[in-house]
Amino acid sequence: MTTTTEPTTFWGRLWTRFNNFFSTIANPGNFLNYSAKILPWLAGLSAIGFATGLYITFFKTPLDEEMGQTVIIMFVHVPAAWIAQMSYALVAASSFGLLVWRHPLADVSAKAAAPLGATITFLCLVTGSIWGRPDWGTYWQWDLRMTSVLVLFLLFIGLITLRSAIEEETQAGKITAILALVGVILLPVIKLSVEWQQSALHQKAGIIRGEVAIEFLIPLFIMALSYTLLFFYLHMKAMRAEIYRRRTISQQRRLAYEDHQD
Amino acid sequence: MLDLGPFSEFIIAAYSISFVTLVGLIIWVHHSESHHKKQLDLLKETIDKQ
């Protein structure tokens with residue numbers, strides 16, 4: 001006979017609750033219920049954030065001494081760059097969850113995040129390129145930062161293509177997960193690329209160094225928070241769509257099996 | 001309205017592309033979710049009738 005005892009320490013109890021929460025949310029049925037409650041909040045807060053961020057951007061942001069008014073492109077480019085990397089980290093973490101715990105919802109999460117990540121990485125490349133023309137005099141330079149972000153975009157495309165090329169869904173999920181984990185090496189390369197290549201046109205990480213003035217930091221963080229909330233909204237919606245799709249396929253198989261039995 | 005300066009077309013291009021892309025993503029996930037949900041509901045209805 002086994003007995004379960006409640007942990008006595010605060011951290012032990014917190015860990016148990018954390019585990020219980022994840023066990024509950026990892027059930028696709030529970031996920032659909034919880035996400036239906038969370039989604040309106042994510043949408044509302046993201047909309048308020050964008051409205052506030054855009055108002056500050058266009059009516060309150062002063063001119064930058066070096067960049068002039070083009071500095072406001074930073075408020076759409078930098079959040080896109082952060083979310084692009086975060087979405088890849090999410091794909092990789094979900095892939096790890098699939099390979100280690102073999103949980104189908106982890107596969108759903110990885111599959112749902114990949115096209116979103118690809119689109120936002122594309123957005124990061126395009127807005128960066130548009131920002132580059134007035135600031136550097138060129139749309140593109142093959143420096144380490146820009147090239148590594150382009151490789152990230154191609155990696156997302158590779159993950160989507162690889163998954164769609166393999167017919168058997170479980171097999172496709174596992175093979176894609178392995179590629180996603182190998183690709184994690186790109187994230188520190190993107191982060192450190194501006195330090196490694198001093199001759200690059202791309203700016204260094206000025207926010208971490210405290211080189212960005214507070215007048216620019218406030219709208220930047222509001223826009224980044226709004227982007228993040230919007231990303232989680234899109235990810236949850238895409239996960240719900242994928243759960244419905246998989247349920248439809250399993251019902252179709254059941255129906256076909258029952259017809260065959262008759 | 002704020003004066004966007006001599007490079008206004010670049011600012012407008014960056015914000016327009018961001019807006020169109022993000023709205024496009026929202027429409028796509030909404031359409032995808034409602035399409036798959038409808039498919040599932042239809043199938044369940046067929047099974048129930050049988």
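**Close-up views of a predicted model**

**View 1. Leu63(A) sits in the loop that links helix H2 (28-59) to helix H3 (74-101) of chain A.** The model shown here and in the other views is predicted. Leu63(A) has 59% relative accessibility and counts as exposed. Beyond its neighbours within four places in sequence, Leu63(A) touches Gly68(A), Gln69(A) and Phe216(A). Phe216(A) is 153 residues away from Leu63(A) along the chain, yet their C-alpha atoms are 9.7 Å apart.

**View 2. The largest pocket has a volume of about 1,100 Å³.** Its lining counts 40 residues; Val78(A), His202(A), Gln203(A), Lys204(A) and Gly206(A) are the closest to the centre. H3, helix H4 (104-136), helix H5 (144-165) and helix H7 (186-196) of chain A contribute at least two residues each. H4(A) gives the most, with eight residues. By type, the lining of the largest pocket splits into 24 nonpolar, eight polar and eight charged residues.

**View 3. The second largest pocket holds about 910 Å³ of space.** Its lining has 25 residues, and Phe22(A), Ile25(A), Ala26(A), Leu105(A) and Ala106(A) lie nearest the centre. Two or more residues come from each of helix H1 (10-25), H2, H3, H4 and helix H8 (214-261) of chain A. H1(A) supplies the largest share, seven residues. In this lining, 18 residues are nonpolar, seven are polar and no residue is charged.

**View 4. A salt bridge joins Glu33(B) to Lys237(A).** The closest N and O atoms of this pair are 2.6 Å apart. The pair crosses between chains, from helix H1 (residues 8-49) of chain B to helix H8 of chain A. Glu33(B) is buried, at a relative accessible area of 7%. Lys237(A) is also buried, at 10% relative accessibility. Over all chains, the whole structure has 11 salt bridges.

**View 5. Asp41(B) pairs with Lys37(B) in a salt bridge.** Their closest N and O atoms lie 3.3 Å apart. Both residues belong to helix H1 of chain B, four residues apart, or about one turn. Asp41(B) is partly exposed at 34% relative accessibility. Lys37(B) is partly exposed too, with a relative accessible area of 33%. Elsewhere, salt bridges with shared partners link Asp107(A), Lys111(A), Arg163(A), Glu169(A), Glu242(A), Arg245(A) and Arg246(A) into one network.

Conventions
Residues numbered from 1 in each chain as written. Chains lettered and ligands numbered in written order. Predicted model: local features only at pLDDT ≥ 70, side-chain atom pairs only at ≥ 80, totals over all residues. Heavy atoms only, no water. Buried < 20%, exposed > 50% of the residue type's maximum accessible area, 1.4 Å probe, protein only. Contact = heavy atoms within 4.5 Å. 1 Å grid on protein atoms, 1.4 Å probe; cavity = no way out; pocket = protein on both sides within 12 Å on 5 of 7 lines; lining within 4 Å. Points joined across faces, edges and corners; volume = space filled by probe spheres on them. Nonpolar A, V, L, I, M, F, W, Y, C, P; charged D, E, K, R; others polar. Salt bridge = Lys/Arg side-chain N within 4 Å of Asp/Glu carboxyl O.
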